[in-house]
Amino acid sequence: MTLDQQDTGGPVAWGDRYPETAEPRRRGLTRLLRRWRRPGGRARKRRLSSLLARRGGGRTRAGSEALPRTRRAGVRRHPQVAVVVGVVWAAVMQVRLFLGGHVGLAGFGENLPCRLGLANFRNPALAGWEHVQPTWIAHTWTGESCPPEFSTALFAQAAGKWLTPLLGYPGALDLRALGVVFGLLVGVVCGLLVAVVPGRPLVRVGFASAVGLLYADAAFAGYLISPHAEPTALVAAGFLVVALLSVWERPTAPRVVATAVPALLVIGARPEYVTFVPVIAFALLWVPGRRIVALMVATWIAGLGVFHVVTEATFDDHRAVFQTILHDDPTAAADLASLGLDPALAPAAGLSRDDAAWAFFADRYHRTAHPSPLRVAGFYATHPWHLIRTVGWGLQGVAGLRPNYLGSYPEGAGKPEGGQEHRITVYSAIWEVFRAGPLLVPVLWIVTAGAGWLVVRRRSLTPSEKATGRLAVVLPAAALAQFAVVVLVHGRVETVRHMAMTSWLTAMCLPVAAVAVTLVLTRLRPVPRWQHRHESCASIHSQMDEIKG
């Protein structure tokens with residue numbers, strides 16, 4: 001088979017991808033190719049272009065002329081397939097959320113919509129977790145408590161407020177409007193994944209569908225119709241995955257800048273999502289030869305300082321200390337002294353602010369110094385037993401995957417209070433393995449990162465294939481960073497819900513690890529140097545064609 005006869009729609013054999021030509025070696029051209037990526041300015045590139053022009057472009061009909069087409073074969077977009085997949089998954093999400101009555105996630109999301117002048121006067125007989133109450137009405141907040149916090153989720157809720165009357169829903173904001181928008185955006189994410197993931201169309205469709213099933217799973221779909229900040233962050237994280245795969249495949253300035261929009265939406269959704277700042281900086285630093293990356297990294301570092309201040313300002317040491325560190329703690333008085341708190345508060349160990357017994361200690365607690373997040377982190381560093389306990393609670397939170405105390409149905413749906421839906425439970429069923437053994441969660445992170453590193457180190461793979469390997473390395477890093485900050489800030493209080501982003505990143509590791517392992521196992525054959533030489537020629541010819549075009 002020659003390169004002119006091959007089907008560029010899918011993977012080909014090594015001998016077909018890089019045929020050995022009969023033409024003699026060109027030592028001058030080879031030396032220039034070796035120096036191509038060294039700093040030398042435009043003069044060396046013009047010299048190489050003139051040398052190729054004098055030699056007829058260095059192309060043969062069966063060899064170099066077809067190599068750029070082979071190089072681009074791994075990044076064919078398949079636009080028709082992408083559109084079909086996107087439309088199908090957008091429809092699936094609408095059916096999944098609304099057919100047979102809408103479902104969502106109960107709770108009031110730290111009362112975020114009140115920042116838009118909205119209120120939800122729920123049934124006073126309900127605590128707020130039994131039923132989904134989607135309708136919010138206009139309300140002027142004068143003396144009531146409305147937390148002065150900012151979240152990028154407010155942009156999505158403002159869009160839902162504008163769409164609510166257009167869709168015919170009651171009230172000033174109906175969360176079902178958010179479900180419609182987020183469901184459509186999930187379809188867009190799945191369609192874009194078909195375009196940026198390497199491989200045959202069937203592989204691309206399978207990967208995008210695995211991500212679609214993740215969003216449609218009962219563990220995450222409920223967030224799409226809820227006042228929480230998580231839906232904005234989860235959907236934006238899908239677009240961030242698409243942007244990173246695109247920029248790793250072909251690092252251009254517009255693609256690098258395009259990662260800023262989903263990245264900022266994720267980082268600004270909740271203060272603890274500040275952990276994405278160093279992870280995204282690391283991801284962008286993995287793109288060589290682009291000065292704009294340095295500018296982006298400087299921006300992330302500045303953002304890290306800002307959000308660190310925000311995180312410390314909203315840090316609740318009561319949850320981190322009294323409800324986590326001092327929970328069933330026989331040395332509570334000594335641990336309080338280590339944290340700089342009054343040892344006389346030891347009898348309040350394990351009490352929440354809602355407990356009647358806490359009122360007796362409230363005044364003493366407010367008159368004492370409160371530890372910062374760094375102080376708590378230092379305590380864990382010097383008390384490994386407490387660290388092991390807290391990490392164990394965190395792993396149980398990731399293994400839980402779904403809060404078991406938040407209802408899924410609205411009032412009047414004929415469901416019991418706190419009833420949860422199970423329309424699609426693919427990942428929830430897989431997660432039974434992790435519930436039985438929470439220690440398997442870090443094992444999954446290690447396997448995914450290891451497979452991704454092997455893919456990145458495999459020189460014979462195309463840039464789009466290596467982009468998948470980079471994603472396999474970045475996802476566990478993001479999950480681990482997010483896990484650490486949630487354990488530090490929230491401890492064992494509502495761990496499952498606060499671990500929503502960590503659980504999503506961990507679940508994403510399953511399809512990404514499958515693709516990475518497949519690439520490693522199908523590329524085990526050693527690659528001779530002449531194949532790498534042809535690959536370098538193909539890359540240069542492709543760049544020159546783009547410049548001439």
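Predicted model: local features only at pLDDT ≥ 70, side-chain atom pairs only at ≥ 80, totals over all residues.
The residues concerned are Asp317, His318, Arg319, Ala320, Val321, Phe322, Gln323, Thr324 and Ile325, each of which is buried.

This helix belongs to a chain whose secondary structure comes to 25 helices and three strands. Of the 549 residues in the chain, 54% are buried. Among the contacts in the chain with a separation of 6 or more, 74% are accounted for by residues 24 or more positions apart.

A pair of aromatic rings is described by the distance of the centres and the angle of the planes. A search of the whole structure finds nine aromatic pairs. In one of them, the rings of tryptophan 358 and tyrosine 365 have centres 5.3 Å apart and planes at 65°, and because an angle over 60 degrees counts as edge-to-face, the pair is edge-to-face. Tryptophan 358 is buried, with a relative accessible area of 5%, and tyrosine 365 also counts as buried, at 2% relative accessibility.

Another pair is formed by tryptophan 445 and phenylalanine 483, whose ring centres lie 5.9 Å apart and whose planes stand at 70°, so this pair, too, is edge-to-face. The pair links distant parts of the chain, with tryptophan 445 in helix 21 (residues 440-457) and phenylalanine 483 in helix 22, 38 residues apart. Both tryptophan 445 and phenylalanine 483 are buried.

Aromatic rings also take part in arrangements with charged side chains. Arginine 492 lies over the face of tryptophan 393, at 5.4 Å from the ring centre, while the charged end of lysine 415 sits over the ring of tyrosine 409, 5.2 Å from the centre of that ring.

The next topic is the space left between the atoms. Rolling a probe the size of a water molecule over the atoms shows where empty space is left. The count comes to four cavities of 30 Å³ or more, and the largest cavity has a volume of about 120 Å³. Of the 14 residues that line the largest cavity, those closest to its centre are Leu240, Leu244, Phe276, Val474 and Leu475. Two or more residues of this lining are given by each of helix 9 (230-249), helix 12 (276-285), helix 22 and helix 24 (500-521).

A last stop is glutamine 157, which lies in helix 6 (residues 153-166). Is glutamine 157 buried or exposed? With a relative accessible area of 2%, glutamine 157 is buried, because buried means a relative accessible area under 20%. Leaving aside neighbours within four places in sequence, glutamine 157 is in contact with Leu112, Pro113, Leu116, Leu173, Leu178, Pro227 and His228.

Conventions. Residues numbered from 1 in each chain as written. Heavy atoms only, no water. Buried < 20%, exposed > 50% of the residue type's maximum accessible area, 1.4 Å probe, protein only. Helix = DSSP H or I, 4+ residues; strand = E, 2+ residues; numbered from the N terminus. Phe/Tyr/Trp six-rings, centres within 6.5 Å; stacked < 30°, edge-to-face > 60°. Lys NZ or Arg CZ within 6 Å of the ring centre and 35° of its normal. 1 Å grid on protein atoms, 1.4 Å probe; cavity = no way out; pocket = protein on both sides within 12 Å on 5 of 7 lines; lining within 4 Å. Points joined across faces, edges and corners; volume = space filled by probe spheres on them. Contact = heavy atoms within 4.5 Å.
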